[in-house]
Amino acid sequence: MPIKGTRTSAIDRFITKVHIPQDSSQCWIWKGARRTHGHGAFAPDGSVPRSIHAHRWIYQHVHGVNLPPDVFVCHRCDNPPCVNPDHLYAGSHADNMRDMRQRGRASRGEGNSNSRLTEADVRAIRSSRQTQKFLAQKYRVSKGTIELIQHRRTWRHIPG
């Protein structure tokens, strides 16, 4: 317990918000506030509006670096509330997206909330003998979208 009127260090406050199992090679689970998708939120200086992802903060603290905003701190364990420094690595946005796809968390096809087409539409587009212009008007998408579907640059997971 800190003496009244003194401030605890950021690392001391951080550790109070983490469950570290006996086997410290397992995930260390963040017990404090969480952001969207389950990532921990930590305010190093104690002011709530200035919080950052807890896993990002501990990575920077352990490695003694201040990462630029375009560098992500990714989880090897695929567990968003984990703050075990051994489970974290610095990577690019592309690295983070590749991990998401490989672990089956990327929405694609009809699962993407921005999709205008269904899997049945894609099959029909691929088997159609109509012009790209006609199909684009019929399905209310661009001619370029039709071309990408027909050449299997998009919707690759749909056979046919």
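1. The sulfur of C82 lies 3.8 Å from its closest cysteine sulfur, that of C77, which is too far for a bond. For C77 the closest cysteine sulfur is in C27, at 3.7 Å, again too far. A disulfide needs two cysteine sulfur atoms within 2.5 Å. The whole structure has 0 disulfides.

2. This is a predicted model: local features need pLDDT of at least 70, side-chain atom pairs count only at pLDDT 80 or more, and totals for chains, interfaces and linings use all residues. Residues are numbered from 1 along each chain as its sequence is written, and side-chain values use heavy atoms, with hydrogens and water left out.

3. C82 is buried, at 0% relative accessibility. C77 is partly exposed, with a relative accessible area of 27%. Buried means under 20% relative accessible area, exposed over 50%, partly exposed in between (1.4 Å probe, protein chains only).

4. The search of the whole structure gives 5 aromatic pairs. The ring centres of F14 and F42 are 5.2 Å apart and the planes stand at 90 degrees, so this pair is edge-to-face. Rings of Phe, Tyr and Trp (its six-membered ring) pair if their centres lie within 6.5 Å; planes under 30 degrees apart are stacked, over 60 edge-to-face, the rest tilted.

5. F14 sits in helix α1 (residues 10-16) and F42 in strand β3 (residues 41-42), so the pair ties together parts 28 residues apart in sequence. Helices (H or I, at least four residues) and strands (E, at least two) are DSSP runs, numbered from the N terminus. F14 is buried at 1% relative accessibility, and F42 is buried at 1% too. Ring pairs link F14, W30, F42 and W57 into a cluster.
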